[in-house]
Amino acid sequence: MMLRSAARQLSSSTAAAAAAATATVLGRSTGIRAASTIASSSSSSSSSPLSSSSSSSSVSALSVSRSSSFDSCQRRIRRDNGHGHGHTTILSSSAACASSLSSAAAYAPPAQQVDVFPSIVIRSTLNANDNKNGLQPQGSFAEAQAAFLHPPEETIRSLLGLLLKHNIGIVAHYYMDVELQGILHGVKRLQMDLFQRQQQLQQSQQLEQLQSQPQQQQHQNQDPSQQIIDNDEEKHELEELLEIYRQMDLPPTHAIPAHPLVAIADSLAMGDHAVRMCSAEGESSAAAASSIICLGVDFMSESVAAVLNRSGCHGVPVYRATARRIGCSLAESAESKTYEAWLRRFADSSPTLHVVYINTSLETKANSASILPTITCTSSNVLQTILQASAQFGPNRLRIAYGPDTYMGDNLVSLLDAILSRPDDWTDARIRNELHPLHTRESLRHLKDNLRVYPHGNCIVHHMFGESVVRTVADKYRDAYVTAHLEVPGEMFQIALEKSMTDEGVVGSTSDILRFIERKVEEAVETAKETETEAKTNAEKEDAKGAMRKRLKFILGTEAGMVTSIVRGVQDVLDAHRCRDVEAEIIFPVSSDAVVAVEEEREDDDGNYGVTTNANANESSNLGVVPGVAGGEGCSTAGGCATCPFMKMNDLDAVFDIVDMIRVANGHVGGDDDDDYRNKVELKLRKHLPPNRLEGKSIGGKNAIDLGTEPIVFMRHFMKHQVMSDDLVRRIENMGQ
C-alpha cells in the first residue's frame with residue numbers, strides 16, 4: 001500500500017515521462033502503460049521476509065526480464081527498516097525518482113544515430129559548475145546507469161546500520177546491478193569514514209565522555225554534544241556524526257570494525273574478503289561477521305562457502321539473494337557430458353594439465369580433478385599459469401587443456417600468435433623480461449602448439465560484442481582506448497589486443513581493465529600538472545590550461561555493471577589531485593543490430609489496452625529506438641548492452657529482505673508468535689543457502705568437496721610461490737601409471 005500510494009503522488013506527466021524513458025532504456029518491451037494505470041498498479045510487494053519473492057523455478061538466461069529503473073525507483077520508496085514485521089519507512093521520494101529518470105528521454109539516440117554508442121563522461125566531483133556529481137551521461141542506456149551512481153544517503157545509512165547491528169558481511173561481484181553497486185560502494189565508504197572518525201574521537205577522549213552519557217539520552221533527540229565540547233566547529237561535526245548514528249539506529253559508541261563489511265570484487269577475491277570479514281584479525285570477536293550475503297551467481301556463493309570452511313570459518317552461513325537458481329551459461333557448459341568426454345580424450349600417458357576457469361562450479365572442478373590433474377585460473381592469472389606450467393615441465397613435454405571458456409582460450413592463442421608474429425618487437429630478451437624469465441620465442445611456439453581449447457563454452461554477456469560493435473569501434477572510435485575482457489569474442493579482442501601492443505588498450509580481467517583506466521587517467525593528470533608547472537607567465541598558464549583540458553575515451557569491452565567501480569576509481573584519482581581539466585568517457589558498445597522500436601501500450605476506443613510499435617522518434621515518448629531486443633534483457637547475440645541477466649537477479653530489495661530474515665532468525669523479533677514466526681523464517685532462509693550438490697559424496701574414493709577445492713588450493717600455491725606445487729607436479733608425472 002505504501003508503494004501504491006507513493007506512486008500516486010507522481011504527476012501524470014512526470015510519471016509518464018519516467019516510465020517511457022526507463023521502461024525502454026533497457027530494451028524491456030513489455031509496453032508502456034499510461035500514468036494513471038501505473039499509479040493504480042497493485043504490483044507492490046510486501047516487505048515481510050515471508051512474502052518476498054522466493055520462486056524456486058529455474059530461469060533461462062535470455063528470458064530473465066530486468067526490472068526497469070522506474071520499478072527500481074518505486075522499490076526504493078519503501079524499505080523494511082528492521083524494527084518489526086512489515087514496518088516501512090520512506091527513504092527517497094517518488095518525485096526525486098521521477099525527476100532523475102525522466103531526463104533519460106532528453107538523451108535518447110535518434111534512429112539515424114544508433115551506431116554512436118552511449119557513454120558516461122566522468123569528471124572530478126570538485127567541478128563547481130557540475131550539478132550531476134561529476135557525471136554527464138550521453139544516451140538513454142547511460143542515463144539509466146548514471147541515475148543510481150549516487151544513491152540516497154538514507155538508504156546507505158539504513159543498510160550499514162543493519163549490517164553493523166547484526167554482524168553481516170556482503171561480498172558482491174563487479175557485475176552487480178548499477179543501483180545495487182552504488183548503494184554498496186556508499187555503505188563501504190560510510191563505514192570507513194565512521195571508523196576513522198570514531199578513532200579520532202577516542203584519541204580526543206570524546207568517545208569516553210559519550211559512553212558516560214545515559215543510553216536513554218543517546219536515543220532521544222537530546223544533544224549530548226552540548227555537554228562535551230564548546231568549539232562550534234567540533235560541535236557541528238559531532239552533531240552530524242550523532243545524526244548519522246540516529247539514522248542507523250545505533251548508539252554512537254557502537255564499535256565500527258576496521259575491516260569493511262562490504263566488498264565488491266572478482267569471483268576469486270570474493271572468498272578472500274569473506275574470510276577477512278569473518279576472522280576480523282586484530283579485533284574483538286564481536287567485530288567478526290557471523291553471516292555472509294553473497295551477491296553473484298550460484299557457483300560464486302558455493303565457492304565462497306567452501307573457502308570459508310577451508311579457512312576455518314566453520315558454521316558461518318552464506319546466503320544468496322534469491323531462493324531461485326542463479327545460473328551461469330559459462331559454468332553450465334562445463335557441467336555437460338560433452339565437457340567430460342573432451343577431458344577424457346587427454347587422460348592417456350602424455351603429461352597433461354587441465355587449466356579450468358574459476359567461473360565454474362565445485363562439481364565441475366571435482367569431476368575434472370578426478371579425470372586429469374587440474375588447476376584453477378582466473379582471467380588475471382591464466383597467462384602466467386600456462387607460462388609457468390609449460391616452463392616447469394618443458395614446452396615440448398606438457399600438454400595443456402584449457403576450458404570451458406572458448407573465447408578466453410582462443411584469445412590466449414591469439415595473444416601468443418601476436419607475439420610470435422612480431423620478431424622485431426618481441427625478442428627473446430623482451431619475452432624473458434616482460435612475459436616469463438624461462439621462455440623464449442621457440443618455447444612460446446611449442447606452448448601454443450600444445451595448447452588445447454574446449455570448443456563449446458562461452459559467457460552470454462561477452463558473446464554480445466559481435467560484428468556490428470567491432471565495425472563501429474574501428475570506424476568511429478579510433479582515438480579511444482579499447483578494453484576487452486579475455487572472455488570477449490575474437491573480433492573485439494583483436495582490436496584491444498592490437499591497441500595493447502602500443503599501450504592504447506588492455507586485454508585481461510575486470511581488475512586489469514579497472515587498473516588500466518585508472519593508470520591512464522593518472523598519467524593524464526601528471527602531464528597536465530607538468531604542463532602547468534612549466535608555464536612561466538600568466539598568459540602561458542592560460543594557454544597551458546586550455547592545452548590541459550583532455551577527455552580520455554575508453555571502450556568498455558565487458559559487463560556494463562563494472563562502470564560503478566570505474567566511476568569511483570576515476571573520481572578518486574581526479575579528486576586526489578584536485579584536477580578539473582581531465583575527464584574520462586566510458587563508452588558502452590551497443591550494436592546497431594540490437595535496437596528495438598519502442599512499444600507502447602495504448603488505450604483504444606473501447607477502453608482496451610494493446611501494444612503498438614512506435615518507430616517514429618517524434619511520437620509520444622520521443623524514444624523511437626533504444627538499445628535492446630524484443631522480449632528481454634537489452635542484449636542479443638548480434639551485440640547489445642552487455643548486461644548479465646543472471647547477475648541482475650541480485651537487487652536491492654532482495655538484500656534488505658535477506659538482512660531482515662537474518663535479523664529474525666537471530667532472535668530479533670517481537671510479539672507473542674516469536675518461535676513460530678522465527679521457525680518459518682529459518683525454513684525460508686535455508687532456501688537461500690548455496691547449492692550443495694557434493695555434500696556426502698565421494699569420487700574415486702575421495703571426498704567430493706575436498707576434490708572440488710583442490711584445484712583452487714593448487715592455484716593459491718602458484719599465486720603465492722609462482723611455481724606449481726609438488727603435489728600437482730607428481731600427479732602430472734604419474735599420468736598413465
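## Ground rules

Helices (H or I, at least four residues) and strands (E, at least two) are DSSP runs, numbered from the N terminus. This is a predicted model, in which local features need pLDDT of at least 70 and side-chain atom pairs count only at pLDDT 80 or more, while totals for chains, interfaces and linings use all residues. Residues are numbered from 1 along each chain as its sequence is written, and side-chain values use heavy atoms, with hydrogens and water left out.

## The whole chain

The protein chain holds 29 helices and 21 strands. Of its 737 residues, 57% are buried. Buried means under 20% relative accessible area; exposed means over 50%, and partly exposed lies in between (1.4 Å probe, protein chains only).

The chain exposes about 30000 Å², and carbon and sulfur atoms supply 45% of that area. Accessible areas come from the Shrake-Rupley method with a 1.4 Å probe; for residues, only the protein chains shown count as cover. A contact means heavy atoms within 4.5 Å. Take the contacts between residues at least 6 apart in sequence: 76% of them join residues at least 24 apart.

Two strands pair if DSSP finds at least two bridges between them. Strand 13 (residues 481-485) pairs with strand 15 (residues 550-557) in the parallel sense, over 4 bridges. Here Val-482 has Ile-555 of strand 15 as its bridge partner.

Strand 15 also pairs with strand 16 (residues 582-587), in the parallel sense and over 6 bridges. The bridge partner of Phe-554 in strand 16 is Ile-586. Between strands 15 and 16 the chain passes through helix 25 (residues 563-576), and this β-α-β crossover is right-handed. That term applies if, with the strands pointing away from the viewer, the path from the first strand over the helix to the second runs clockwise.

## Three buried residues

Arg-157 sits in helix 7 (residues 153-166). Its relative accessible area is 16%, so Arg-157 is buried. Which residues does Arg-157 contact, leaving aside its neighbours within four places in sequence? They are Leu-190, Ile-244, Gln-247 and Met-248.

Ser-140 belongs to helix 6 (residues 140-146). Ser-140 counts as buried because its relative accessibility is 1%. Ser-119 is 21 residues away along the chain, and the two C-alpha atoms are separated by 9.2 Å. Leu-250 lies in the loop between helix 11 (232-248) and strand 6 (262-265). Leu-250 is buried too, at 6% relative accessibility. From Leu-250 to Leu-164 is 86 residues in sequence and 8.7 Å in space, C-alpha to C-alpha.
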